[in-house]
Amino acid sequence: MAAVATWILLFPLIGFLAIMILGRYMNERQIGVVGTGAVVASFVFAIITFVLLLHHSSREVTVNLFSWISVGSLHVPAALLVDPLSITMCLFVTGISALIHLYSTGYMHTEKDFRKFFLYLNLFVFSMLLLVLANNLVLTFVGWEGVGLCSYWLVSYYFDRDSAASAGKKAFIYNRVGDVGMLIAMFLLFSRLHTLSYLSVFSKAGTLSPTIATLTVLALLLAATGKSAQIPLFNWLPDAMEGPTPVSALIHAATMVTAGVYLLVRMSPVLALSSSGRMTIAVIGGVTAFVAATIATSQKDIKKVLAFSTVSQIGYMVLAVGVGAYGAAIFLMISHAFFKALLFLGSGSVIHSLNGEQDMRKMGGLAKYLPLTFPTFLIGWLTISGIPPFAGFWSKGDVLTNVFEHNKPLWVLGVLTAILTGYYMSRLFVLTFRGTERFREETHGHDPHESPWVMTVPLVVLAALSIVGGLLDLPWVHHDSLGGFLTPTFGYVAAGGHASTLAQYGLAAVDVAAAIIGLLAAFTIWRDISSSTKYEIPFLEHVWHWDDAYDAVIGRPLTEAAQFSDDVIEPRVIDGAITGVAVSVRRSGEGLRKVQSGFVRHYALATVLGLAVVLVYLVARVA
Amino acid sequence: MIATAYSVQGTVVFTTAALLILIGALGVISVRNPVHAALSLIMTLFGVAVAFVAQSADFLAAVQIIVYAGAIVVLFLFVIMFLGVDRREHIQFEPLVGQRAFAGVGVAITVAGLITLMARSHWVSGAVSVSSKLSNGSGNVKELGTAVFTTYLFAFEATSALLVIAVVGAVLLARRERSAMSEEEAR
Amino acid sequence: MIASSATNAPAAWYLVLAALLFGIGAFGLLTRRSALIMFMCIELMLNSVNLTFVTFARTLSDISGQAIVFFVMVVAAAEVTVGLGIVVSVFRRRSSTSVDELSEMKG
């Protein structure tokens, strides 16, 4: 088991090294095979490990790789923890990554830096797996930083574009702010518990005082908001759409952005100790979900809609964590990975067919030209809107049911968000695939063509998963479901799913109604694009002016302070001190020079005065 | 320790010497004509000679008159005449700012300090010397000679050398450059 | 004629006189501008020193005081010689002996 688990991690690393060292001698096809093959191998081994774990005596297996840090009382081994949560994460991360690697071989064809793309993508998969498999907070943090770094590299892939370079920096900096939270959490836990490995922390967690526990939880929340793009650190995700579409699909929909949720779920025993912390988490999640959904209704770029949709859906996951429904959060995470990756890859296919056009106002009527993209995208659309029997209905429903039992106001917010979700996704669907054809200019009169098989096969696979994904955790199945599998991991099992059957049916009906309201609204409004402009609200389009607010409150004052420092403090204080010393030495020298007047009588006077002083001293001594 | 009985004789001699000295000194520093200053200097030197005689330094008094008043002051007068600077100097106006004030203060403090120190040390009358005792009976010349040629022989030889050096130096300094040029013209 | 110490004025008076003479000489040195007058003031100061030494020779009954005066006079003679030589060589070209004019060595 240990060896198998270790290989999950090693394959992407080997792929990365191979492409780095030998890449310049390989052609596109070979690089693609190596990169994708590494991740596929990783996925296969993940399945093997999963099967082994099912038959293992204990559900928590620690795999010690080597002793890494050993200083004083701090012992951090490089070790893996294979348990239901981590293996679940591994499975869907490697699975989706494999599909996206395959897709990228087609999408990134003839890009000038094909090798660089696969290099970073493999490294990313390695970091993400390290993050989820680590058995202690420090190793998780290594993976955490690694995914942030790869995200930065991949977002600014087209680095000769200013907007792309800035977006990469923005992503990295926002992540960094969140990382402070993770560090603070680690400091707090270590200072009180003297250990950082998960199993030890969980067994000792009860000794934490409520204040420390709350502070730790809030710090972890800060880290999660940075990595998973929640309020207040979500602004980087829309900008990150500058990266190539497969990157958006993999990193910013399916994997990296779920790392924050994973961290919170992993630390559930600590979360259990702080009800105010959990309430904060829930509120942040709910509010983010709603705000992001409103913004998505007014975006013109197809990828930006999907980006804000991601923020919103992760908001649902965070909301679920906040009310203690960890299983529901993970279920939504997995199904979201399926349908969001599907939607992103589908949009990539659309963009590819229109030679790079991303503005929805220049799309329309593409249904008949894209015979594989269209139906798969349709399935993705129905799933995210929450239409039964697709996966989205079950997973989102699971979350909302749990929220209903704990916090009615947040549940209302969740339902409103669901309506908006239905609305903005339908708007996107209508503008892209139905209606009049507005793209003739972009394609220079040609018909758009469907994508090659390497791109459409993943779409088909993901569509199939979106259809059957609901089977993972049907509400009436408790034992052989995802929820049942994961329950032993969570120290605190929310009293979820104990609503009466009638209440459950009622809530399900509300969910479906919300979805249909949204759909109908969109279809009515967006049938004719000319009536659109009054339904796109500038305030929402500009992200509630959030970026402007940050710029005014933080960005500009800091820049001005730096400018002030450069203009005033640097020359006057710092340089001034040093040149001031030199100047004062010079001035005192010039002053003292005047003593040498050249007149003999002055010198004689000086002698006599000196004599007088000596005599006064002697008299004083005798006296 | 001050002698308790002041003798009339000693006081008269002292007063004479003091008057000569002080009037001469004040004259040196205040007259405008250098020749007159030289003459005031002679008066001071005479006063000092009187003080010397009063204090049993006969030989020194003689040397004072012969060397100081007789040779040195004459040398001064030679130079004054030679350079032709017997004109008056403007002593009312002092170009250096504050020189007189500071000089006055400095000198006053110095003199006061000296007098105070001496008074505090009871006019420095320590033990009477044993080795080179000044006796009343024998001649002053003999004692002085013995001291110079035995105890202070090295100083004597050094000062003789100094005199030779001084003469050579003075000749070199006062040489006219024209003589160097005339030697070249002669070649 | 050798004056006996019993008939002398007290040493203190002579010492005060010497101090005053020194002061006058110093003041003159600082105040007068003519080089020759300044020299004469230096002679005054040397004389005051001589007077002090002789007074101490008398009170302490020590011939060393007088011996020192002897040497001071020799040195004073040498000094005047060389000094006037300098004065002559410096002021040969000028018509005045004001030392204030020799101020090229200023800082």
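Q: What percentage of the residues in chain B do buried residues make up?

A: This is a predicted model, in which local features need pLDDT of at least 70, side-chain atom pairs count only at pLDDT 80 or more, and totals for chains, interfaces and linings use all residues. Residues are numbered from 1 along each chain as its sequence is written, while chains are lettered from A and ligands numbered from 1 in the order in which they are written. A residue is buried if 20 or more other C-beta atoms, placed from the backbone, lie within 10 Å of its own. Of the 187 residues in chain B, 28% are buried.

Q: How many helices and strands does chain B have?

A: Helices (H or I, at least four residues) and strands (E, at least two) are DSSP runs, numbered from the N terminus. Chain B contains seven helices and zero strands, giving the pattern α-α-α-α-α-α-α along the sequence.

Q: How many residues of chain C are in contact with chain B?

A: Two residues are in contact if their C-beta atoms, placed from the backbone, lie within 7 Å. By this criterion, 72 residues of chain C contact 78 residues of chain B. On the chain C side, two or more residues each come from α1 (11-31), α2 (35-59) and α3 (64-91). The largest share, 21 residues, is that of α3(C). For classes, Ala, Val, Leu, Ile, Met, Phe, Trp, Tyr, Cys and Pro count as nonpolar, Asp, Glu, Lys and Arg as charged, and the others, Gly among them, as polar. This side of chain C has 46 nonpolar, 20 polar and six charged residues.

Q: How do the axes of α3(B) and α2(C) cross?

A: Two packed helices are described by the angle between their axes and the distance between the axes. Axes are lines fitted to C-alpha atoms, for helices over the stretch in contact, and angles run from 0 to 180 degrees between N-to-C directions. The axes of α3 (residues 58-83) of chain B and α2(C) come within 12 Å and cross at roughly 175°. The two helices are therefore roughly antiparallel (over 145 degrees). Among the residues that make the contact are B:F76 of α3(B) and C:M40 of α2(C).

Q: What average pLDDT does chain C have?

A: pLDDT is the predictor's confidence in each residue, from 0 to 100. Chain C averages 86, and 93% of its residues score at least 70. The model scores ipTM 0.89 and pTM 0.69.

Note on methods:
Parallel < 35°, antiparallel > 145°, perpendicular 65-115°, else oblique. Buried ≥ 20, exposed ≤ 12 C-beta atoms within 10 Å, placed from the backbone.
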